[in-house]
Amino acid sequence: MSQPFPASPQVPVLALGDILLVTLQGELHDGMAEQLQQDLTHRIAASSVTGVVIDISGVEIVDSFLGRVLAEIASTAGLLAARTVLAGMRPAVAITLVELGLTLPGLVTALDVDRAMELLSPREA
Amino acid sequence: MPASGQASATSLPIGSDADLAWVRQQVRQCAAQLGFGLVQQTKVVTAASELARNTLVHGGGGRVEITPLDDGRTRGLRMRFTDEGPGIRDLDLAMTDGWTSGGGLGLGLSGAKRLVHEFAVDTEPGRGTTVTAVAWVTPVPSSRTGVG
């Protein structure tokens, strides 16, 4: 398999307390998505992460491959006692996913990162 | 098929996941230039991604030809994906939602078909597969008065 780039750029993963914030942007190669899936799983298992927020507001398309990777990240995180929230899906992406037949029923979503963080933060009073 | 006018076709190789990303970019650019709206662009690019991945994963790689169309009333985009892979043994089965021969979700062909206006598969076991998908620029739906 030919790779025109020297190395696949990494997807930035930011730790905010017990929550990992993953920001997906622009063109995501299949290999990058699979790498992210592995990296996240190891980080969740190795630390006290209780939640994962995946910000896809910068993603122009989600096809069935990326959709499957996102659903698998959420399932795997769930087995490792962390909850996943998918944040910021663009309206055009949502319309297309439904037409494609991919409604990702197991995924928790939020309109933006702030609301996703709220969903994951422990309730006060 | 209407005469495709002045614009010429673009042919791109599909041999790696980096090629898939390049195909998506080229299809988006072409669709934007032809006047596709944002939702339509997203649908066409998603269909292209599904079909290009089929070409790569199931066909062992191939090519896509992207052709701008103009039938005199509206403009469109034709994408023709060809591979010389094993072909599809049971096309009806392959077009069924949820059926998969690979590791996917089984939405590639059936899902892509729903995202475009015209869709055709030409395949024969041992002779490879050609999938042709056409999308037309459609006006933003407005009031339904006047629709006969």
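Reply: Two strands pair if DSSP finds at least two bridges between them; strands (E, at least two residues) and helices (H or I, at least four) are DSSP runs, numbered from the N terminus. This is a predicted model, where local features need pLDDT of at least 70, side-chain atom pairs count only at pLDDT 80 or more, and totals for chains, interfaces and linings use all residues. Residues are numbered from 1 along each chain as its sequence is written, with chains lettered from A and ligands numbered from 1 in the order in which they are written.

So, to chain B: its 5 strands make an open sheet with antiparallel pairing, running S1-S2-S3-S5-S4. S1 (10-14) and S4 (118-124) of chain B sit at the edges; each has a single partner strand, so one side of each lacks a neighbour in the sheet. On average, neighbouring strands are turned by 15° against each other, direction ignored (axes are lines fitted to C-alpha atoms, for helices over the stretch in contact, and angles run from 0 to 180 degrees between N-to-C directions).

Now zoom in on S3 (75-83) and S5 (128-136) of chain B, an antiparallel pair with 8 bridges. Here B:Thr82 faces B:Thr130 of S5(B).

Two helices pack on this sheet, with contact meaning C-beta atoms, placed from the backbone, within 7 Å. H1(B), residues 17-34, touches S1, S2 (62-70) and S3 of chain B, and its direction makes about 160° with that of S1(B). H2(B) touches S1, S2, S3 and S5 of chain B, and its direction makes about 10° with that of S3(B).
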